[in-house]
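Work through the exercises below with the model open beside you, and try each task before reading its solution.

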Amino acid sequence: MASKKSKLILLFALGIALFYYFDLGHYLSLQNLKTNRDSLRLFNQQNPVVMVVGFVAAYIAVTALSLPGATILTLAGGAIFGPIKATLLVNVGATLGATLAFLVARVLLREWVEKKFGDKLRSFHEGVANNAINFVLFL
């Protein structure tokens with residue numbers, strides 16, 4: 001199990017490092033969106049499936065790795081796909097990315113959190129077990 005965690009940590013660290021090494025944040029700027037809006041729309045008209053899959057994949061990666069740029073991606077989605085389609089695509093990308101981030105954090109940090117806050121978490125776990133609906137609604 002430790003080697004799986006090590007591989008997962010390495011994979012996430014590599015993704016974050018590559019983002020900063022290649023300065024990919026430069027592409028996630030409002031100025032860059034303004035400059036390339038027309039070419040992105042044209043590419044979307046010529047390759048709609050590639051554009052949708054690429055956009056959702058980029059949104060998942062940005063969200064899962066907690067990288068800056070989700071706001072610009074949301075605006076780009078609206079500019080490229082229109083408000084209704086962009087809302088659907090952004091929600092899919094954000095939800096899948098957040099789910100991945102949650103699962104990775106749970107796998108990587110669970111033992112540490114339980115060691116550090118185990119006594120405080122016990123009452124939380126009991127509350128969820130006894131009254132899950134109210135806990136979910138409260139959150």
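**Exercise 1: a pair of helices**

Helix 4 passes helix 5 in a right-handed crossing, as seen in this model, which is predicted. Determine how helix 4 and helix 5 are oriented to each other, and which residues make the contact.

Solution. Begin with the axes: those of helix 4 (residues 70–81) and helix 5 (residues 83–130) come within 7 Å and cross at roughly 140 degrees. Angles over 145 degrees would count as roughly antiparallel and those from 65 to 115 as roughly perpendicular, and helix 4 and helix 5 are therefore oblique to each other. Next, find the contact, to which helix 4 brings Thr74, Gly77, Gly78 and Phe81, while helix 5 brings Pro83, Lys85, Ala86, Leu89 and Val90. Finally, sort the residues of this contact by class, which gives five nonpolar, three polar and one charged.

**Exercise 2: a second pair**

Describe how helix 2 and helix 4 cross.

Solution. The axes of helix 2 (residues 30–46) and helix 4 come within 9 Å and cross at roughly 40 degrees, which makes helix 2 oblique to helix 4. The crossing of these two helices is right-handed. In the contact between helix 2 and helix 4, the residues divide into nine nonpolar, one polar and two charged.

**Exercise 3: the core**

Find which residues have the most contacts inside the largest nonpolar core.

Solution. The core has 19 residues, and Phe55, Leu73 and Phe81 have the most contacts inside it. Two or more residues come from each of helix 1 (2–21), helix 3 (48–64), helix 4 and helix 5, with helix 3 giving the most, five residues.

Definitions and conventions:
Residues numbered from 1 in each chain as written. Predicted model: local features only at pLDDT ≥ 70, side-chain atom pairs only at ≥ 80, totals over all residues. Heavy atoms only, no water. Axes fitted to C-alpha atoms, helices over the stretch in contact; angles between N-to-C directions. Helix = DSSP H or I, 4+ residues; strand = E, 2+ residues; numbered from the N terminus. Parallel < 35°, antiparallel > 145°, perpendicular 65-115°, else oblique. Left-handed = near helix turned anticlockwise from the far one by under 90°. Contact = heavy atoms within 4.5 Å. Nonpolar A, V, L, I, M, F, W, Y, C, P; charged D, E, K, R; others polar. Core = buried A, V, L, I, M, F, W, Y, C linked by side-chain atoms within 4.5 Å. Buried < 20%, exposed > 50% of the residue type's maximum accessible area, 1.4 Å probe, protein only.
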